[in-house]
Amino acid sequence: MTPSRSGRVRIYLGRRGPRRRPRRPGRRIVAAFALGVAAGTVLLLLPVATVAPGGAGPLQALFTATSALCVTGLTVVDTATYWSTFGQVTILALIQIGGFGVMTLASLLGLLITRRLGLGNRLLAATETKSIGLGSIRTVLLGVLRISLTVEVITAAILTVRFATTYDFPWPKALWYGVFHAISAFNNAGFSLFSDNLIGFATDAWICLPIAFAVIIGGLGFPVILELLRRRRRGWSAHTRLTLTMTAILLVGGTLFVTIAEWNNPGTLGAFDPAGKTLAGFFQAVMPRTAGFNSVNPGEMNTGTLLGVDVLMFIGGGSASTAGGIKVGTFAVLLLVIVAELRGDPDANLYDRRLRTSTIRQALSVALLSVAAVVSATLGIAMTTPYTLDQVLYEAVSAFATVGLTTGITPHLHTGQQLVLVLLMFAGRLGPVTFASALVLRERQRLFRRPEGRPLIG
């Protein structure tokens with residue numbers, strides 16, 4: 001209490017300090033990746049980055065830098081012949097930074113979300129996501145780094161020996177090619193130092209299988225990999241079980257679909273023997289998980305096969321992984337909701353847990369916004385290009401899901417259309433992660449609820 005000049009007593013009930021602005025980690029992530037794209041573009045614009053004198057054009061540099069940092073793999077120029085060793089090393093560095101950054105940032109966002117919850121929800125989240133729920137930032141960083149280097153070194157060693165002993169590459173060249181493709185595979189990038197990607201190795205299991213398994217491991221996500229290394233099957237969280245189950249279903253189903261659909265196609269699998277067809281079919285089923293390597297020409301695939309691959313690409317891989325797409329967790333939640341509705345169940349259940357309404361809303365939001373992005377880009381490109389709808393849709397989904405597979409039309413699109421793909425790659429790489437985390441962090445409790453409304457459905 002203090003007296004005023006008029007003699008009255010003023011009572012100060014206290015005042016809050018300056019209001020803090022809410023933290024928005026999504027904006028910082030987007031800004032960091034935008035800065036990385038800008039830096040990569042500047043490096044690729046240097047004359048030393050290309051084989052031909054004069055350097056790359058601004059669009060070629062921007063497109064390649066975005067594709068590398070977003071671990072996509074779409075290209076407008078041939079990586080093997082257009083870029084010099086300096087340019088290829090720059091691309092490889094962007095791939096490694098992009099893959100490591102995505103796994104780390106997604107894991108740290110999960111950690112941030114857990115710590116922003118109340119005590120009861122924190123304990124529940126820690127139970128459901130044991131790998132990163134209450135861990136430390138240092139553990140996440142070192143864990144991602146250790147797992148990345150281990151898988152990349154093993155894959156590079158196998159590829160190096162194969163290139164040197166079977167294809168007579170000099171050992172320095174074999175090592176460089178082994179390292180490049182190992183890093184590109186684990187980070188689900190799909191960049192290759194061969195002009196025809198991996199078509200020349202379509203029936204070589206010692207090349208295709210190590211790359212495929214590196215892609216699968218990278219697509220599982222750091223939380224799942226760490227939990228598999230730490231715990232036995234009985235201790236797996238619901239997230240890990242769901243990711244592994246959906247991954248197995250999509251790999252087996254995708255292999256059967258592609259192999260059967262393309263079995264007699266002379267432009268793809270038809271030229272191989274049964275063993276070669278099976279290997280190539282499996283490889284082409286793995287790559288739509290957002291890797292982008294191809295051992296057959298996607299441009300020669302049947303229209304129905306392209307549409308099936310579009311679905312695989314759109315679903316993508318696991319959360320907090322190097323894969324893109326809407327993620328298998330989102331897709332599984334939507335499936336569980338449909339199953340519950342068809343059965344007439346009041347709740348959608350995952351194993352022995354009931355899915356929260358907020359989780360269902362978040363999955364629907366991510367999926368529908370992703371569909372909107374792909375459809376909008378497809379319409380914009382299809383209305384201004386002579387290419388067919390299945391080709392344009394394939395490129396758009398590949399860009400948004402950060403896959404990198406192409407029917408061969410991307411280099412022939414005009415500047416505006418290629419810029420649309422650049423935006424799709426950037427949005428597809430960061431959009432689902434940052435948007436989903438933003439939805440969770442914005443979640444709040446209301447003290448009232450409005451009366452129910454029941455509009456007609458169907």
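This is a predicted model: local features need pLDDT of at least 70, side-chain atom pairs count only at pLDDT 80 or more; totals for chains, interfaces and linings use all residues.
Let me begin with the charged side chains. How many salt bridges does a search of the whole structure find? The search returns 1. The partners are D204 and R162, whose side chains meet at 3.1 Å, N to O. D204 sits in the loop between α7 (171-186) and α8 (205-220), while R162 belongs to helix α6 (residues 137-166), so the pair ties together parts that are 42 residues apart in sequence.

Although N188 is not a glycine, its phi is positive, at about 55°. Is N188 buried or exposed? With a relative accessible area of 0%, N188 is buried, because the cut-off for that class is under 20%.

A second residue of this kind is K327, which is not a glycine either and has a positive phi of about 85°. K327 lies in the loop between α12 (303-315) and α13 (328-343). The relative accessible area of K327 is 7%, and this residue is buried.

At what angle do helix α10 (residues 238-262) and α13 pack? The angle is about 90°, and the axes are 9 Å apart. That makes α10 roughly perpendicular to α13. From α10, the residues in this contact are L242, T243, M246 and L250; from α13, they are V328, G329, F331, A332 and L335. Sorted by class, the contact of α10 with α13 comprises 7 nonpolar and 2 polar residues, with no charged ones.

The arrangement with α12 is as follows. The axes of α10 and α12 cross at roughly 165° and come within 10 Å. The two helices are therefore roughly antiparallel to each other, and the crossing of α10 past α12 is left-handed. On the α10 side, L250, G254, F257, A261 and E262 take part. They meet G304, T305, G308, V309, L312 and I315 in α12. By class, this contact of α10 with α12 has 6 nonpolar, 4 polar and 1 charged residues.

How values were computed
Residues are numbered from 1 along each chain as its sequence is written. Side-chain values use heavy atoms; hydrogens and water are left out. A salt bridge is a side-chain nitrogen of Lys or Arg within 4 Å of a carboxyl oxygen of Asp or Glu. Helices (H or I, at least four residues) and strands (E, at least two) are DSSP runs, numbered from the N terminus. Buried means under 20% relative accessible area, exposed over 50%, partly exposed in between (1.4 Å probe, protein chains only). Axes are lines fitted to C-alpha atoms, for helices over the stretch in contact, and angles run from 0 to 180 degrees between N-to-C directions. Angles under 35 degrees count as roughly parallel, over 145 as roughly antiparallel, 65 to 115 as roughly perpendicular and the rest as oblique. Contact means heavy atoms within 4.5 Å. Ala, Val, Leu, Ile, Met, Phe, Trp, Tyr, Cys and Pro count as nonpolar, Asp, Glu, Lys and Arg as charged, and the others, Gly among them, as polar. A crossing is left-handed if the near helix is turned anticlockwise from the far one by less than a right angle, and right-handed if clockwise.
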